[in-house]
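Please work through the exercises below with the model open beside you, and try each task before reading its solution.

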Amino acid sequence: MKLKNVLIVVKDIEKSRKYYHDLFGLKLVLDNDGNMILTEGLVLQAESYWKEFLKQDVTWKNNSSELYFEERDLEGFIEKLERLYPETEYVNTLMEHSWGQKVIRFYDLDGNLIEVGTPA
């Protein structure tokens, strides 16, 4: 068995597709009407479909998971993030861990937690 994809729930699937393309270069692989598979195995699921499957409301910004990306030019990425999405809510601004890795954490448009760090 192998892990195939990671799915996150989003309020506006088109806005989220654009967001993940703009910031991380992820491209659309398959659009299944409310369920989009992007490159790197990220799946966007429309809130309405998720609520229908679970028969309950979505808990936004629950801080129980994190999408992790690596970027060599972290300062350049931060400039792009601030230019394209100035409304971004940060968990922490640029910081450096004791082992030398630089990271930043923030929420996407729907409160999904993202960390971007320099390669370890």
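**Exercise 1.** Is Asp 33 buried or exposed?

*Solution.* The structure is a predicted model, and in it Asp 33 sits in the loop between strand E2 (28–31) and strand E3 (35–38). Its relative accessible area is 57%, and because exposed means over 50%, Asp 33 is exposed. The backbone deserves a look as well: most residues other than glycine have a negative phi, whereas phi of Asp 33 is positive, near 50°.

**Exercise 2.** With which residue does Lys 61 form a salt bridge, and which parts does the pair tie together?

*Solution.* The partner is Glu 89, with the closest N and O atoms 2.6 Å apart. Lys 61 belongs to the loop between H2 and E5, and Glu 89 to the loop between helix H3 (74–84) and strand E6 (90–96), so the pair links parts that are 28 residues apart in sequence.

**Exercise 3.** Which residues are joined with Arg 105 into one network of salt bridges?

*Solution.* Arg 105 meets Glu 66 in a salt bridge at 3.2 Å, N to O, and it also meets Glu 115 at 3.2 Å, N to O. Arg 105 lies in strand E7 and Glu 115 in strand E8 (residues 113–117), so this second pair ties together parts 10 residues apart in sequence. Through shared partners, Glu 66, Arg 105 and Glu 115 form one network.

How values were computed:
Residues are numbered from 1 along each chain as its sequence is written. This is a predicted model: local features need pLDDT of at least 70, side-chain atom pairs count only at pLDDT 80 or more; totals for chains, interfaces and linings use all residues. Side-chain values use heavy atoms; hydrogens and water are left out. Helices (H or I, at least four residues) and strands (E, at least two) are DSSP runs, numbered from the N terminus. Buried means under 20% relative accessible area, exposed over 50%, partly exposed in between (1.4 Å probe, protein chains only). A salt bridge is a side-chain nitrogen of Lys or Arg within 4 Å of a carboxyl oxygen of Asp or Glu.
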